[in-house]
Amino acid sequence: MSSPDSAILISALNKHYGTYHALINVDLAVAHGQKVVICGPSGSGKSTLIRCINQLEQHDGGTIRVLGTAIDADTDDINRVRQDVGMVFQHFNLFPHMTILENCILAPMLVRKVSRSDAEATAMQYLEKVHIGDQASKYPGQLSGGQQQRAAIARSLSMQPRIMLFDEPTSALDPEMVSEVLEVMVSLAAEGMTMVCVTHEMGFARRVADRVVFMDRGEIVEDGSPESFFDNPRNERTAKFLSQVLKH
Amino acid sequence: MSELNLSLPLAPTVARVASRRVIKRLLSVLLSAACLSMLIWVAWLCFEWAFVNATVSSDARQAECVAGGGACWSVIVNRWRLIFFGLYPFEEHWRSVAACSIIVVTVILSCVPALWTATRLGILWLVGFTGFYILMRGGLFGLSLIREEQWGGLSLTLFIFSASVLIGMPLAIVLALLRDTKLPWISKSTGLIIDTIRSLPLLSILFAFAVVLPFMLPDMMVGEKLYRVIVAYALYFAAYQAEIIRGGLQGVPKGQDEAAKAMGMSYRHRMAYVLLPQAFRTSLPATINQFVVAFMETSLVVVVGFFDLLASGNAAYRTAEWTFAFVEVYAFIAAIYFIFSFGLSQYGAYLERRMGLGKR
Amino acid sequence: MKSWSSRRARYALLQALYVASLATIILTFILLARIKLAQQGINSGFDFLWKSTGWEMTFALVPTSPSDPYWWVLLMGFLNTLLVGVLGLTLATALGIVIGTARISSNTALRIIGTVYVQLVRNVPLLVQVFFWYALITRLPSPKNAINIGGVFLSNRGLYVPRLNVEAWATLASAAIFAAMLLVCLWLSVFARAGWLHAKRQPLMAGSVASGLAIMTMLFVMGHQTGTPFVDEPVFRGLNFRGGSHIQPEFFTIVLAIAIFGGAYVGEIVRGGFLAVSPGQIEAARSLGLKTWHVFSRIQFPLAMRAMLPMLTNQYIWLIKATTLGIVVGFADLFMVIATAITQSGQTLEMLGILMGAFLLINITIATVSNRINSAIALKGHQARG
């Protein structure tokens, strides 16, 4: 059994795409309430790792336990786990044929069987929290990128998840919209949400993360506190990456 | 480097280009004028034939019409009831008119975006179709019973069209989903069925169902010929429409499905609320086009012995006194088909333009 | 180390059930049909193919008689379908190119003509058009008053055209040479895109066309029936025409209808193909100083062709299937032969099988050829979506 204070427990995780070895023996434990930032060069496997946690990608070796449930390709009630694990995507993936409010109440009503009025009340509360309560009746296409990403965060929160996964949430945004999304993520972190973020925003990592995990070529190279990660990286690959990211 | 070839006579070239342009321009103006005058001339000839020199009196026959020198609409005046109603009893023709109007209203209502949800469209078509059927067949509410063998003309055409679409659409969705699943055997065997139906001529499928089936199956499994034909149409429509829906599904970005999955939505919910609505939206122009094709293809029932719009048109001029007036009859029938399919396809083109604008 | 989990087992079971139930339905159907047919005294099997039919075909490339066996009549029907298909598609394509070009021309009058044509033809069922053309052709003047268009006579008995007085073997051989010539040109222009062939393909093409034409001329001269004029022109004698080739009204009708109907659809595809070429490509070509013709032949046409080919393939397959409408005017294509054979012999299952097989063969051939061309000319690598 997993230790009760582990929200996510990954051990010896392996994943192949054909002959390409995308994840190599990855071990990662995330405690309840912990905020973990995963970074690394592109193609390092960080997105694959985070997408294995809710089984958008299926691993082919090792074990993953999320909130005490072991999951793999054969898990029948994967959707029970997914209810409790929110995910925010790089390209928002809001449903373009529904208003923002409809986006937020769809899954609570269908999956959690919440009544429409309750779902709307919860959704509005989260939309207000991300400062787009006044946009609730608009369609995603009518919103700016930053607004869309905040709506996507509100949609995930409306399911009242216990863990939030962020997959490069600011990479597709125009530079001036990055901070409004990061602000929302910071305030979410302050409320004690368990968070796993794949991001290149090193400022965010320094400010919010309890741990920073650095991945390269499918392996976890470095795993430690932000202070040790930024100020004295132990691995030379980490140092090289940091020098490239922080140079600009 | 500075020795650029400045000896080239620049000015004459400019003049030559200019004069060539003038000639080109002149030629194109001449071509335009020629085409335009030909167009106007042909249009005038048609107009003159159809209206100016036309004969419309119900008493006129070949002699009077030839003397008029234009179209002989007398044939339509005399035979329009046959063309529209076929063998439907004369005093009950109003029922056929009402039934056809219901289907036309149903089709028009289906074009209203506010009704574009599966339930609303489903209810609309079920209500429209039931209304049509009760009016046509009777045997209820004091209407006399008129069996399907006596139906004909436009109402038969509309009956076959709406019934086959009503069965074909749900079937198409099922086929598309079965072909789109990740389970290889289900996907492949469904694909084989769809591809086989699509590779066969519609006429041969109609022939097999209408004519051949009674020789082949035990009598209790055969059923009425009209319904066998409708099943054949529905299958053919579904095979084509399934591929359109599948194309739409493949056009939905992968992230949409992932976002729905990430919130724990089941396959059924993801399809019904996230993927299919978007697939239908993107494939709407193709779907409307398929409806137009299906409507026009109902004319093939004439081959297996039904008295639809086209067959009753054939009958209208194939009597001794009207045999000369085939152009008028075909023009009239063509106009009826044209109104339906041109209207629908223009609407499809309008939607496509609007969607194209929306993307930007 | 992966176990045979319940989920996997369920999926496997589901698939097995689905395939098994499909197979059961089809097998039951065939079994029931065989039982019922046996009751009517019809033995299943393909032995009947060698029996004589007892009925005559109304149209065949080679004269047939009622004593011909079924397989021969079926083959003739298949050839008729192919003949109508090839002729109809060729004419439809030619017409479609004209219409499509008119639809995108800068000349307003031409555009209007093209649009009216397309809308008129596309929104009236093909079957109505077939009936109309047949009614029109059978009401043309009798042979005595036939309409003469440059030696071609049009009457209610169909079309009479001049022909060459050559032996059948020479005609067949030159047709084969002609097909080979087309294939060589197609291969050179589509597939020979690398190496030394690429550089020399234009002279090679010209050479193959020239030698093909030369061989054909030679064949005609060698095959010339001695004692007859080289060109046999139809001449009106008595009640009908003598000499020349006779094209029956049924055949004429279905080819005409397919050509006119297909022309509208092909025209729309051609138009769509040219509209799919982004204006930026043309501007880029112009700014490089290419002449109008070179912009068209090197940039516009090759790019438009790539956009058109998949849609053209579907349209061709659709039109081939539509040739079966010839049955309403009594043209003896494969479908009509099979329909007659079913009612005459009762060999229902076998005939339906042959019908399916024949159309699958035609469709697969068209699709394969088009796919090969498509992958040969496909733009390499990933393209930025415009």
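**Interfaces and cavities of the predicted model**

Chain A and chain B meet through 22 residues of chain A and 17 residues of chain B, where contact means heavy atoms within 4.5 Å. The model is predicted: local features need pLDDT of at least 70, side-chain atom pairs count only at pLDDT 80 or more, and totals for chains, interfaces and linings use all residues. Residues are numbered from 1 along each chain as its sequence is written, chains are lettered from A and ligands numbered from 1 in the order in which they are written, and side-chain values use heavy atoms, with hydrogens and water left out.

The size of an interface is often given as the accessible area lost when the parts come together. Between chain A and chain B, the buried area is about 1,700 Å². This is the accessible area (1.4 Å probe) that two parts lose on being put together, summed over both. Carbon and sulfur atoms give 64% of the area between these chains. On the chain A side, Phe95(A), His97(A) and Leu110(A) lose the most area to chain B, together 31% of what that side buries.

One salt bridge crosses the interface of chain A and chain B. A salt bridge is a side-chain nitrogen of Lys or Arg within 4 Å of a carboxyl oxygen of Asp or Glu. Arg51(A) pairs with Glu258(B) in this way, and their closest N and O atoms are 2.6 Å apart. Chain A and chain B also have four residue pairs in polar contact (both at pLDDT 80 or more). A polar contact is a pair of N or O atoms within 3.5 Å; within protein, one must be able to donate a hydrogen and the other to accept it, and residues adjacent in sequence count only if both atoms are side-chain atoms.

The side of chain A that touches chain B draws at least two residues from each of α2 (78-83), β6 (85-88) and α3 (100-110). Helices (H or I, at least four residues) and strands (E, at least two) are DSSP runs, numbered from the N terminus.

Chain C also contacts chain B, with 48 residues from chain C and 56 residues from chain B. Their buried area is about 4,500 Å², and carbon and sulfur atoms give 76% of it. Gln15(C), Tyr18(C) and Asn123(C) supply 14% of the area that chain C buries against chain B, more than any other three residues. Helices giving at least two residues each to the chain C side include α1 (6-39), α10 (292-322) and α12 (348-377). Of the elements of chain C, α1(C) gives the most to this side, with 11 residues.

The structure holds three cavities of 30 Å³ or more. On a 1 Å grid over the protein atoms alone, a cavity is a set of points where a 1.4 Å probe fits but cannot get out; lining residues have an atom within 4 Å of a point. The largest cavity has a volume of about 90 Å³. Its lining includes Phe161(B), Tyr233(B) and Glu297(B). In chain B, α6 (153-180), α9 (225-251) and α12 (284-297) each supply at least two lining residues.

The second largest cavity has a volume of about 50 Å³. Among the residues that line this cavity are Ile103(B), Phe161(B) and Leu344(B).

How values were computed. On a 1 Å grid over the protein atoms alone, a cavity is a set of points where a 1.4 Å probe fits but cannot get out, and a pocket is an open set with protein on both sides within 12 Å along at least five of seven lines; lining residues have an atom within 4 Å of a point. Grid points are joined across faces, edges and corners, and a volume is the space filled by probe spheres set on the points.
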